[in-house]
Amino acid sequence: QVQLVESGGGLVQPGGSLRLSCAVSGRIFSISVMDWYRQAPGNQRELVAGIPSGGSPNYADSVKGRFTISRDNAKNTVYLQMNSLKPEDTAVYYCYVRVLSPDYVYKNYWGKGTLVTVSS
């Protein structure tokens with residue numbers, strides 16, 4: 001089994017910053033994909049940023065230049081640094097990973113989500 005623990009959400013004023021973390025633990029050989037998604041009320045879940053193992057990060061146009069995704073492979077953790085936050089960034093943010101188990105089976109996992117509210 002694999003567990004994902006997200007942290008770092010909260011209430012922040014427009015223009016402020018937050019840093020989300022997602023720590024992955026359990027039966028892991030490697031993690032190929034680590035992504036952050038978000039879902040605002042009434043909207044579909046959308047990809048915010050992703051960082052493949054050994055690859056370059058990619059971002060949704062709406063967050064380019066403001067958000068930075070990074071990963072620490074030694075800690076099996078992915079981060080999302082969010083700067084210059086806007087009210088439209090308000091959403092539940094979900095961590096998504098694709099894990100290769102020690103018996104060489106790929107599985108996808110979602111975190112439970114962490115709420116980010118941008119409001120004055």
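Student: How many aromatic pairs does a search of the whole structure find?
Tutor: Four aromatic pairs turn up. Keep in mind that this is a predicted model.

Student: OK, take Y37 and W110. What kind of pair are they, and why?
Tutor: They're edge-to-face, because their planes sit at 65° and the cut-off for that label is over 60. The ring centres are 4.9 Å apart.

Student: Where in the chain do Y37 and W110 come from?
Tutor: From distant parts of the chain, 73 residues apart. Y37 is in strand β4 (residues 30–39), while W110 is in strand β10 (residues 106–110).

Student: And Y37, buried or exposed?
Tutor: Y37 is buried, with a relative accessible area of 19%. W110 is partly exposed, at 40%.

Student: Which pair do Y96 and W110 make?
Tutor: A tilted one, since the planes of Y96 and W110 are at 55°. Their centres lie 4.9 Å apart. This pair also links distant parts of the chain: Y96 belongs to strand β9 (residues 91–100) and W110 to strand β10, 14 residues apart.

Student: How about Y96 itself, buried or exposed?
Tutor: Buried, with a relative accessible area of 14%.

Student: So what do Y37, Y96 and W110 form?
Tutor: One aromatic cluster.

Student: Switching to charges: what lies over the face of W110?
Tutor: R45 does, at 4.6 Å from the ring centre.

Student: And which ring does the charged end of R19 sit over?
Tutor: The ring of Y79, with the charged end of R19 4.0 Å from the ring's centre.

Conventions. Residues are numbered from 1 along each chain as its sequence is written. This is a predicted model: local features need pLDDT of at least 70, side-chain atom pairs count only at pLDDT 80 or more; totals for chains, interfaces and linings use all residues. Side-chain values use heavy atoms; hydrogens and water are left out. Rings of Phe, Tyr and Trp (its six-membered ring) pair if their centres lie within 6.5 Å; planes under 30 degrees apart count as stacked, over 60 as edge-to-face and the rest as tilted. Helices (H or I, at least four residues) and strands (E, at least two) are DSSP runs, numbered from the N terminus. Buried means under 20% relative accessible area, exposed over 50%, partly exposed in between (1.4 Å probe, protein chains only). A charge sits over a ring if NZ of Lys or CZ of Arg is within 6 Å of the ring centre and within 35 degrees of the ring normal.
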